[in-house]
Amino acid sequence: MASLGLCRPAAAMLKFQTIRGGLRLLGIRRTSTAPAASPSVRRLEYKPIKKVMVANRGEIAIRVFRACTELGIRTVAVYSEQDTGQMHRQKADEAYLIGRGLAPVQAYLHIPDIIKVAKENNVDAVHPGYGFLSERADFAQACQDAGVRFIGPSPEVVRKMGDKVEARAIAIAAGVPVVPGTDAPITSLHEAHHFSNTYGFPIIFKAAYGGGGRGMRVVQSYEELEENYTRAYSEALAAFGNGALFVEKFIEKPRHIEVQILGDQYGNILHLYERDCSIQRRHQKVVEIAPAAHLDPQLRSRLTSDSVKLAKQVGYENAGTVEFLVDKYGKHYFIEVNSRLQVEHTVTEEITDVDLVHAQIHVAEGRSLPDLGLRQENIRINGCAIQCRVTTEDPSRSFQPDTGRIEVFRSGEGMGIRLDNASAFQGAVISPHYDSLLVKVIAHGKDHPTAATKMSRALAEFRVRGVKTNIPFLQNVLNNQQFLAGTVDTQFIDENPELFQLRPAQNRAQKLLHYLGHVMVNGPTTPIPVKASPSPTDPIVPVVPIGLPPAGFRDILLREGPEGFARAVRNHQGLLLMDTTFRDAHQSLLATRVRTHDLKKISPYVAHNFSKLFSIENWGGATFDVAMRFLYECPWRRLQELRELVPNIPFQMLLRGANAVGYTNYPDNVVFKFCEVAKENGMDVFRVFDSLNYLPNLLLGMEAAGSAGGVVEAAISYTGDVADPSRTKYSLHYYMGLAEELVRAGTHILCIKDMAGLLKPTACTMLVTSLRDRFPDLPLHIHTHDTSGAGVAAMLACAHAGADVVDVAADSMSGMTSQPSMGALVACTRGTPLDTGVPLDRVFDYSEYWEGARGLYAAFDCTATMKSGNSDVYENEIPGGQYTNLHFQAYSMGLGSKFKEVKKAYVEANQMLGDLIKVTPSSKIVGDLAQFMVQNGLSRAEAEAQAEELSFPRSVVEFLQGYIGIPHGGFPEPLRSKVRKAQHNVVGRRGVQESGLTLCFAPQVLKDLPRVEGRPGASLPPLDLQALEKELIERHGEEVTPEDVLSAAMYPDVFAHFKDFTATFGPLDSLNTRLFLQGPKIAEEFEVELERGKTLHIKALAISDLNRAGQRQVFFELNGQLRSILVKDTQAMKEMHFHPKALKDVKGQIGAPMPGKVIDIKVAAGDKVTKGQPLCVLSAMKMETVVTSPVEGTVRKVHVTTDMTLEGDDLILEIE
């Protein structure tokens, strides 16, 4: 004991423990007896510390508090007004407010307040932590002057080491190599120019009075010099209260190695080996490793020796770090001394088993290093430690800080893992005022690979929701082979762009809670036509046999191809049925709102029991648009999932010819690619039609479907009455001539598509008999609607006349504007040559399921506004699907009581337009015109007479321009030449909605507008699908599929909204339909299966009152744990003022890339700007970001002012 320099009484009071070959002081009984110092140093009085204040916040404050508690020392916290909810003030024995009325950072820089708190509360010592005042000599001096010990070096040493220029001079005097740089802080841009002229680029600016990457900027050229000087000065001033900078030659691709030193008041100095801090971004460390991998022993010796030499040169005491750059030749350069505890001190503690904070406190008490058992020969490296700084930053957006409320926090733990945190807990609010550090994760293992494996495992266990974190980026670092090999340098992040190929967190549970909370607060996300609640019970799924389903017609198609499939259909004995329940039936009855969730439930039953069906119509038409727009589902995913569940029955889709599944014309390559990808995803039969029976459009669709390898079913859209001699426009001769053209074009199957249900039994017999006689080997397929109630009779007539296939729907989904009853056709043909072979009892079970399912969609059910079919369809000729939508639309526009007038106007509008074949989109044109006439009280004669003055619906104008093709018999005149259109109507045509009127104003004679001659799509240039894919990846990330590209090609705005919505609200397909539409009731408990073996147990608990931000807090219990989310009350928000948000789709609207404060505005309204020109500067978490212009143009309006605080995406300015 005498060798430790202690007198016997004091030595007897010390307790030591041998740990991993070293000595650690566990506790010291307090005494005023001065220990005997080493003969070579002066004797100092030992003064025990009883109360420590930490002049800092966050995790470092808590780290010091924990050490103090272990030593029996009382703790004091200080906090700013913005930090009242922070954990560090709760971890201390006492906590006091400082900096009242000051800015958040300035509060922790306000020395008078801190000293006042220390003196008023009998604080013995102040620990500065890191950052803030930790390297301010005036603060250390203020503590000393107040009689409070500063746990760190003396004020003089802090001053010398904090002044990087003086530290550099000291290093030179000590014989330590340095990087070429200025001898003193520079005070002007001119000095920076002079240095760069002398040493060349690149150079680096560094804050003279602080570190941590603040005020540090690399400059590669003269053009960057002024901007970077300004930013570095501003950042240094904000972070350290002094904007002084010095400038150095920038060493490219070095390793950043730092050495931990520890000194006492007796002149003893030792090192605790090195740390590799090369993995950095913005010169701020991200991952730290101790010891440095593959470091040459001789280099290690030089680094540690120089560090100790430098510390002795200035009489260093307490903890500090000497930092070096090591170039590729193994030459090292001193860069600075951090005269404080470092963020990464943890890894040194793990490998040396020395508690640095304990040592700091004991040294401040007057203990010597030998007193503490700390001798250089006893310091050994034990294994490897890695620290990852988990921050609230978004790596995908250049590490922009994220702010907000942590909704979920679950950490990674276990053997070999240490966590140092402060703000990492559920409910914590991450503000933009301070550093973005959330938690430090430290892994310790026997070697570098072991520590890396432990770290990877721990990071994978983390769950942080509510704010973005850099965890996905850290996981990529930990899996990088260069990192695992230990060969990184400071350019590691810049040279490994794959680190930014981030695997997005699924975050499924929290996204679902957000959706449910949104619905509970704001109501359904999909428009509800009528107030009707979903059925409280789910439909009953019939029993499904175990095993594979029996073979069906799809097996023939896969084996023999489209031609062999068509032969098999024609040779089949009996009547074949196509089931429309999965598409057209619910389009007609339920506004196309049936979700994949309910289709999947019944699919296995269909596969096992209806294998004799010709096909299932389950895709295309309006389902594609509605799936994304209103159900927030991917239509492609629907196809894929149903194909997996029904492998044996052909799938059939509705292809709108050259319009594909849209409402306008697309470039030919889009239509061809669409059919190709649809076939790849499981589509079999393509029913190709055109709303005007315009042959060029039909042929384009047929060619696209055929080239994709699909079964081509060319459809002739039916209207009029071939049995009525007075109806001459659409006669039997017309249909037979069109059929000739389609057969000549190579259709595999010929379809008559009777969208309004106008085929009467007599007409069925005439038309089908004629077709059968003319084309004896061609399969005939008939489609109708049962609006008049004669659908079953009509289909039986078709079957007797020679039709091979007719369309039906499940009984509970049939009739009215849907298809005829499946059960009725099965029963009427049973035991006859037309027997369908479909078991009638299975039809009953099938119908029972759909009866229950239909109850879930009560708000969309056509029976809410119409109670039966109507034979007046023979007069108004409204298609079945449109009849329902038109009815809802009339009610929504206040015309519900005038629906009879709407139907009458529909007849007149049809005649005005030349008696069209009416099917989407031509039916919409007639419907828009009809509602326009009723709204304006116009008869046909009045509308035609006033055509030159009226602002017609846009759909009508575009039809007359020729945008959907040329109608049979040509365009109506003189109407076409009279109609006028808005000059300023610049709304794009793609993705036009099925419902709603868009009117055209500021009249201009149609003859002055462009007219489309011939097939509309023929004049469109090919769409660059690769460029579109690249654009989508830039916006939505790497998870963009070929299917997504086609969705965006046809519905750009709808697809963008769908992607944004699902990115926010997650896997909605796992919710049952009642929850999807109206959300849960308070106290309701339910389960959600995310995937097989992963089920969420959820209970809705409560909804709070409105807060000042226009939000309500919604509380849930998820898997037994309390969860809460904040939901904006959209209705309340309308009555409150909030800063506008930038619209992502409008390039001229510039939004804040991150939350922060506006510190500089560089442009004004009316200024001309170029692409890349700085517009303003934001400051967040002590980091400044320059917002640049993404486009060239003129500033229309600036929406912000200096010192304004913004949230992410808040509108900054508009450029036109």
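## Strands β12 and β13

Strand β12 pairs with strand β13 (residues 284-290) in the antiparallel sense, over four bridges. Strands here are DSSP runs of E with at least two residues, helices are runs of H or I with at least four, and both are numbered from the N terminus. Two strands count as paired if DSSP finds at least two bridges between them. Across this pairing, Q280 sits opposite K285 in β13. The two strands make a hairpin with two residues between them, and R282 takes a positive phi near 55 degrees there.

Before going on, a word on where this comes from: this is a predicted model, where local features need pLDDT of at least 70 and side-chain atom pairs count only at pLDDT 80 or more, while totals for chains, interfaces and linings use all residues. Residues are numbered from 1 along each chain as its sequence is written, and side-chain values use heavy atoms, with hydrogens and water left out.

## The other side of the story: β11

β12 also has a pairing with strand β11 (residues 255-263), again antiparallel, over six bridges. Look for I261, which stands opposite H271 in β12. This hairpin has five residues between its strands, and G267 in the turn has a positive phi of about 90 degrees.

Buried means under 20% relative accessible area, exposed means over 50%, and partly exposed is in between (1.4 Å probe, protein chains only).

## A four-strand sheet

Further along, four strands form an open sheet in the order β37-β44-β42-β39, with antiparallel pairing. β37 (1149-1151) and β39 (1168-1169) are at the edges with a single partner strand each, so one side of each has no neighbour in the sheet. Strands of a sheet pair through backbone hydrogen bonds.

Inside this sheet, three bridges join β42 (residues 1193-1198) to β44 (residues 1211-1215). One to find on screen: V1195 has I1215 in β44 as its bridge partner.

## Helix α17

Helix α17 (residues 508-522) has 15 residues and spans 21 Å from its first C-alpha to its last, close to the expected 21 Å. That expected span is 1.5 Å times one less than the number of residues. The helix is mostly covered, with 13 of its 15 residues buried.

## Cores and a buried histidine

A nonpolar core is a set of buried Ala, Val, Leu, Ile, Met, Phe, Trp, Tyr and Cys residues joined through side-chain atoms within 4.5 Å. The largest one has 190 residues, and F674, Y846, W850 and M1050 have the most contacts inside it. A second, separate core has 37 residues, including V286, I430, M455 and V477.

Contact means heavy atoms within 4.5 Å. Leaving aside neighbours within four places in sequence, W850 is in contact with residues including T581, V594 and M813. H586 is found in helix α19 (residues 584-590). Is H586 buried or exposed? It counts as buried because its relative accessible area is 0%.

## Out in a loop: S939

S939 is in the loop between α33 (922-935) and α34 (940-945). Why does S939 count as partly exposed? Because its relative accessibility is 28%. Not counting residues up to four places away in sequence, S939 touches E908 and M933. Its C-alpha is 56 Å from that of F1115, a residue 176 places away along the chain.
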